[in-house]
Amino acid sequence: MRKNRFAALLLLISALLIIYLVKLETSYLSSSRTLANYDFSGFNNTVGSRKLLVPNIIHFIIFDKTDVDFVMFVCMLSAWLNHRPSHMMLHTNVKMEEKSKYLTVLRSVMGDGLVIQHLPQPSHVFGVKLAIVHHAADVARLQVLSKYGGIYLDWDVFVVKSLNSFRHYECAIGWPEGAYTGNQVIVAHKNARFLKLWLQSYRDYHPSEWYYNGGEVPTKQILVPRPGLVHRVYTEFGVEALDKELYQQNWQDYSKRYTIHLLASHKYLHDKAVLTEEEYNKCNCTFATLVNSVISQVADEQLSVLNNAALEDKLTKYLNNQIQSNSLLKKHLTPEIFADLKHQMTSSFHSTIFDVVKTGLSNPDSSVGVLVPDTESYHTFKSLLLPIIKDYHHLPEDFVGQPNHTWGNVNTIGKFGSEVISTRIRIARSIEGYPLNSKMTKQNLIDLEQTVRSVLEQNFAGTYHSLPEMTEEFRKDLVDRHFMFEDCDRFNKGGGGCQHWPTGRGIYISNDEKFLVWINEEDHLRIISMDKGGDLFAIYKRLVESMNILESHLKFAHDPYYGFLTFCPTNIGTTLRASVHLKFNNLKQSEVKNEAKQLGLQVRGTHGEHSDVKGGIMDISNARRLGLTEYEAINQVYTGVNKILDLDRQGK
Ligand code: ARG
């Protein structure tokens with residue numbers, strides 16, 4: 001009995017569910033059928049429908065152009081970002097250059113939302129030849145809207161805000177007081193009566209009149225007698241001539257419009273240079289405001305394609321010897337390597353070959369000319385970087401990789417004689433999980449500074465000095481005492497490494513002033529052990545002990561082949577540079593340089609890299625950082641400098 005009742009209940013519930021589902025399905029079908037086959041007789045275009053009648057598709061038509069220009073690019077972006085259609089159709093009669101820079105950016109922003117659709121250019125209308133391409137486009141937009149419905153926009157119509165409120169009508173069109181309708185912006189259902197009548201009116205086509213069929217006929221013959229066929233938009237579509245407001249003023253009221261016709265191919269606009277990527281910002285006018293308002297909505301990595309196009313011009317000049325350079329970049333970059341790397345991008349931080357070479361392009365006097373934006377780039381751009389690295393570090397062709405990291409037996413390192421004025425060892429480190437210098441965001445810089453600072457403050461006795469908080473006298477004093485870096489240098493800057501300077505930069509100084517850590521200068525970390533005189537042993541020992549502490553708190557970027565990774569490939573491997581400042585009694589600078597070279601050492605000026613020798617004080621250090629262990633690098637300096645000192649003494 002109970003069982004039966006339960007079965008009956010189950011049956012009833014199932015039956016109700018089936019009825020409900022069938023109803024749901026048919027109501028869905030019928031509503032979509034009514035939407036698609038809408039019959040608009042008697043439709044009220046003043047009130048509109050509560051439903052969204054017009055599909056959320058934006059249509060652009062471009063005839064005879066294989067590329068998207070700057071204005072089209074900006075307008076399409078504005079339509080996508082400010083209106084947010086479900087997709088955007090670009091109807092064209094020719095094959096578009098998909099690799100073009102603007103189309104590449106549009107693709108990366110819109111993905112599959114951008115549909116490039118072949119549309120033959122109409123040649124005739126009702127048997128009469130269409131006189132000009134503009135008339136063909138006038139007809140084509142009516143055909144496209146009759147086929148799909150949606151929002152038609154001229155390629156120079158900027159969309160200020162969402163047009164959704166106009167999708168509740170059969171058709172909405174800009175029709176200012178006392179003027180003809182503007183066919184630059186048409187929002188229409190595909191069955192809109194006005195579209196059919198307008199197309200029919202082309203039976204009376206006037207080839208010699210510019211705006212007869214495009215504006216005069218639809219206004220005078222169709223809409224004046226039957227204004228209810230459309231939802232009249234007086235000013236909000238910005239179809240009137242707004243040339244002064246756009247190009248000669250900073251017009252605040254643009255935000256009241258939904259769309260604005262930019263008049264890009266119009267007689268009103270005398271100076272067309274303003275319509276380019278290079279010049280638009282110079283006008284300080286509404287047009288520049290509009291452009292910046294959309295560009296600022298696009299992520300930097302997507303826009304990098306634009307900057308890259310300018311860099312590519314420069315690179316071509318560089319490869320063609322129109323820019324002279326003796327850098328390793330110039331020596332190793334061939335057109336083939338460039339062609340191969342041009343379309344590569346790292347997945348971690350979206351870095352390109354342009355990020356790598358831009359320091360060399362903006363500083364033709366570079367000796368190296370590359371900086372590496374993220375650790376992945378060392379592999380992605382290997383065909384360029386490895387030859388440069390081998391050349392710089394004097395590595396054999398068959399170099400198998402950096403030997404294991406080892407500080408060696410510290411006790412075998414001794415002291416220099418009294419000729420040595422001061423000694424310094426520095427190490428560079430990158431922290432895993434962050435990009436390298438040029439790709440660090442402001443927040444990355446701040447976060448990294450905070451992390452390292454707290455490790456230092458908890459484990460060492462000293463003080464952290466943040467660069468933005470430092471007084472100018474204090475900063476100068478640190479620079480003069482060779483404690484701190486100077487301003488961000490032009491090589492670093494050219495590589496994109498001075499962003500948000502001085503944010504996140506600073507120096508940690510131990511109480512005895514012998515242990516320093518730079519944060520976010522060229523590298524995430526530069527760790528320095530230094531002292532007056534020549535006690536290399538004590539200085540090395542302090543460095544090793546400090547590194548052991550840091551290593552137990554921070555995870556450093558390390559690669560099995562390249563060793564420790566840094567922003568500049570000259571520092572990878574050990575990252576270690578041990579240098580002594582000293583004055584010779586007998587040897588001349590050129591003799592010292594010759595000797596040093598044979599011993600794997602390098603001579604720099606008194607104030608380090610890119611400086612001159614002053615008062616006979618030279619800076620001697622290991623030339624290579626890669627292809628030898630930390631211990632070997634130190635030992636090279638220890639034995640090498642001693643050898644040169646002996647020669648100098650013998651010369652007495
Ligand atoms: N980028 C500079 C050049 O190519 C410097 C290279 C080595 N120095 C450095 N601070 N990373 O000449």
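**Entry 1. Terms and model**

I take a residue as buried under 20% relative accessible area, exposed over 50%, and partly exposed in between, using a 1.4 Å probe and protein chains only. The structure is a predicted model, in which local features need pLDDT of at least 70, side-chain atom pairs count only at pLDDT 80 or more, and totals for chains, interfaces and linings use all residues. I number residues from 1 along each chain as its sequence is written, and side-chain values use heavy atoms, with hydrogens and water left out.

**Entry 2. Disulfides**

I searched the whole structure for disulfides, defined as pairs of cysteine sulfur atoms within 2.5 Å, and the search finds 2. Counting bonded cysteines along the chain, I note the pattern 1-2, 3-4.

I looked up Cys283 and Cys285, which are joined by a disulfide with an S to S distance of 1.8 Å. The link of Cys283 and Cys285 is left-handed, with -75° about the S-S bond. Cys283 is partly exposed at 23% relative accessibility, whereas Cys285 is buried at 1%.

I then turned to Cys488 and Cys498, whose sulfur atoms are 1.9 Å apart in a disulfide. The torsion about the S-S bond of Cys488 and Cys498 is about -85°, so this disulfide is left-handed. Cys488 lies in the loop between α16 (472-480) and α17 (490-494), and Cys498 in the loop between α17 and β14 (506-510), so the pair ties together parts that are 10 residues apart in sequence. Cys488 is buried, with a relative accessible area of 17%, and Cys498 is buried with 15%.

**Entry 3. Further cysteines**

I record Cys75 as buried, at 0% relative accessibility. Cys568 is also buried, with a relative accessible area of 10%.

**Entry 4. Aromatic pairs**

I pair rings of Phe, Tyr and Trp (for Trp, the six-membered ring) if their centres lie within 6.5 Å; planes under 30 degrees apart count as stacked, over 60 as edge-to-face, and the rest as tilted. By this rule I count 19 aromatic pairs. Phe194 and Trp198 have ring centres 5.0 Å apart and planes at 35°, so their pair is tilted. Phe194 and Trp198 are 4 residues apart in helix α5 (residues 193-200), and so are separated by about one helical turn. Both Phe194 and Trp198 are buried.

Phe338 and Phe354 form an edge-to-face pair, at 5.9 Å centre to centre and 75° between the planes. This pair links distant parts of the chain, with Phe338 in helix α11 (residues 335-341) and Phe354 in helix α12 (residues 353-362), 16 residues apart. I find Phe338 buried at 9% relative accessibility and Phe354 buried at a relative accessible area of 4%. I also note one aromatic cluster formed by Phe70, Phe73, Tyr102 and Tyr280.

**Entry 5. Charges over rings**

I count a charge as over a ring if NZ of Lys or CZ of Arg is within 6 Å of the ring centre and within 35 degrees of the ring normal. Lys161 lies over the face of Tyr258, at 4.8 Å from the ring centre. Arg232 lies over the face of Trp175, at 3.9 Å from the ring centre.

Notes:
Helix = DSSP H or I, 4+ residues; strand = E, 2+ residues; numbered from the N terminus.
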